[in-house]
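Subject: Structure handover

Hello,

Here is the structure I promised to pass on. Please open it alongside this note.

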Amino acid sequence: MSTTPASVVRHPGEFRWETRLLAMVTATLVVFGLANSYGASSLVGTKSGIVGYGFALRQLSGALAGGLLLMILSRVDYRRLKPLAWPIMIGAIILLLVPVTPGIKLHFSPMLNGARRWIRVGPIQFQPSEIARLAVVIWCAMLAAKKGEQIRDLKKGVMPFLVVLGVVFLLVLGEPNLSMATLIVLLGMLVVFTAGARIGHFILLGIGGLLLVFHKINDAQYRMARLTTFLNPGDATSDAALQVHQSIVGIGSGGVLGVGFGHGQQKLGYLPYAYSDFLFSIIGEEWGFIGVVMTVMLFGLFCWLGFRIARTAEDPFGQYLATGLTMAVGLTAFMHMAVTLGMMPTTGLTLPFMSYGRSSLIVTLAGAGLLISVGRMRGKGTARTKRDEGTKSR
């Protein structure tokens with residue numbers, strides 16, 4: 001007979017409201033993001049020779065592709081990813097090699113805004129670092145679940161993660177993209193920490209990581225200008241302080257109710273990259289304090305649901321995977337908002353689900369699909385085990 005207490009066994013239906021609500025929150029963020037990215041990019045598109053809704057149509061195509069991927073992955077058992085974690089990670093590393101390999105990058109990686117962060121194959125263009133961010137979460141969750149108690153050992157537990165994450169960091173840094181490289185490593189380490197790694201190891205690694213990041217900031221003049229703007233905004237040059245200053249002005253001018261959708265002034269050329277890196281400022285200007293609070297609450301609700309799913313997942317891989325996927329959205333959203341409010345140096349990270357960028361949108365929606373899959377599988381494993389044990393007892 002089964003030895004599982006009846007009070008512990010849970011029916012899959014108990015969790016349906018969480019996954020349904022998570023899907024609704026995700027859809028709301030995407031729709032709200034489409035509206036705001038269109039409003040923030042319409043004039044930019046016209047100036048580039050593209051019709052005013054060109055950016056919005058591109059983003060809509062990404063939303064449709066990502067939505068289809070979400071529906072597929074949400075219906076696939078996430079545990080099937082566990083044996084595929086290494087192939088996914090290796091594939092991501094191969095893609096990251098394209099923008100930094102001489103000869104290959106000239107044919108497949110165009111130079112945009114002084115960096116080679118994209119791969120272009122015919123009409124298809126995507127950002128490999130976005131794929132690497134998802135791959136790192138899946139791979140770290142798999143390895144952390146496999147190591148178990150060994151995760152508390154620095155040499156056998158933590159160092160293997162550092163080797164692979166170090167390779168990814170250097171490849172993304174070579175594009176160059178320091179903010180994304182740092183975020184990817186941070187997400188991987190947070191998954192490892194969630195799995196039970198010692199906090200003392202993370203303090204030492206954190207100190208070393210900060211020194212390395214500061215060294216890379218000092219190597220590039222534009223990065224140092226961003227840091228100087230953050231530390232001494234009054235003494236920074238006008239070019240370095242322009243984005244942050246205009247972002248704060250935009251949010252402040254929105255008041256309680258905002259100036260109205262489509263009536264913002266910052267997108268008229270005052271705030272560079274308003275449709276991507278500083279979309280939260282446009283939301284604050286056009287939707288006001290109400291829009292800001294609503295956006296924060298939606299991301300907060302997404303994270304709360306994600307952590308609930310992680311806490312009730314039935315296996316370590318599911319727990320770590322759900323935790324990493326939730327933090328990938330929550331941490332990126334927090335950093336984006338902090339930058340627009342002048343609470344962090346400018347990083348160039350987009351607002352998940354909302355900012356313009358098809359690669360980011362598709363990959364983030366794929367991550368949401370995996371998170372829903374973890375939520376849908378809860379209770380099914382227990383119910384299956386109970387049926388098997390009942391069959392054996394007969």
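**Salt bridges**

R133 and E130 join their side chains in a salt bridge, with N and O 2.4 Å apart. Before going further, please note that this is a predicted model. The two residues sit three places apart in helix α5, so about one helical turn separates them. R133 and E130 are both buried.

A second pair links E286 and K267. Their side chains form a salt bridge at 3.4 Å, N to O. E286 belongs to helix α11, while K267 lies in the loop between α10 and α11, so this pair ties together parts that are 19 residues apart in sequence. Both E286 and K267 are buried.

R79 makes a salt bridge too, with D77 as its partner. The closest N and O atoms there are 3.0 Å apart. R79 has a relative accessible area of 27%, so this residue counts as partly exposed. The count of salt bridges comes to four.

**The chain as a whole**

Now the overall numbers. The protein chain contains 14 helices and two strands. It has 394 residues, and 49% of them are buried.

**The core**

The largest nonpolar core has 97 residues. Which of them touch the most other members? They are M89, F161, V168, F299, L321, F353 and M354. Helix α5 (residues 128-147) gives the largest share of this core, 13 residues.

L321 is worth a click. Leaving out residues up to four places away in sequence, L321 touches Y78, V137, I138, A141 and V374.

**The surface patch**

Seen from outside, there is a nonpolar patch on the surface. Its members are Y38, Y53, L57, L60, L64, F261 and W287. Together they have about 680 Å² of accessible area. Helix α2 (residues 54-74) supplies the largest share, three residues.

F261 comes from elsewhere: the loop between α10 (238-253) and α11 (279-312).

N36 is in helix α1 (residues 16-47). Is N36 buried or exposed? Its relative accessibility is 0%, so N36 counts as buried.

Two patch members are among its contacts. N36 touches F261 and W287, along with L279 and I283, when residues up to four places away in sequence are set aside. With W287 there is also a polar contact, side chain to side chain, at 2.8 Å. W287 itself is listed in the surface patch.

**F280 in helix α11**

F280 is placed in helix α11. Its relative accessibility is 2%, so F280 is buried. What does F280 contact beyond its neighbours within four places in sequence? The list is I251, V292, T295, V296, H336, M337 and T340.

One distance to check: the C-alpha atoms of F280 and G291 are 9.5 Å apart. Those two residues are eleven places apart along the chain.

**S179 in helix α7**

S179 lies in helix α7 (residues 178-194). At 14% relative accessible area, S179 is buried; the cut-off is under 20%. Its side chain makes a polar contact with the side chain of N177, at 3.2 Å. Setting aside residues up to four places away in sequence, S179 touches T347 and L349.

**Where to start**

First, show R133 and E130, the buried pair in question. Next, show N36 with W287, joined by the 2.8 Å polar contact. Then show L321 with Y78, V137, I138, A141 and V374, which it touches.

Best wishes

Notes. Residues are numbered from 1 along each chain as its sequence is written. This is a predicted model: local features need pLDDT of at least 70, side-chain atom pairs count only at pLDDT 80 or more; totals for chains, interfaces and linings use all residues. Side-chain values use heavy atoms; hydrogens and water are left out. Patches are made of residues with over 30% relative accessible area and no salt bridge: like charges are joined within 9 Å, nonpolar side chains (Val, Leu, Ile, Met, Phe, Trp, Tyr) within 5 Å. Accessible areas come from the Shrake-Rupley method with a 1.4 Å probe; for residues, only the protein chains shown count as cover. Helices (H or I, at least four residues) and strands (E, at least two) are DSSP runs, numbered from the N terminus. Buried means under 20% relative accessible area, exposed over 50%, partly exposed in between (1.4 Å probe, protein chains only). A polar contact is a pair of N or O atoms within 3.5 Å; within protein, one must be able to donate a hydrogen and the other to accept it, and residues adjacent in sequence count only if both atoms are side-chain atoms. Contact means heavy atoms within 4.5 Å. A nonpolar core is a set of buried Ala, Val, Leu, Ile, Met, Phe, Trp, Tyr and Cys residues joined through side-chain atoms within 4.5 Å.
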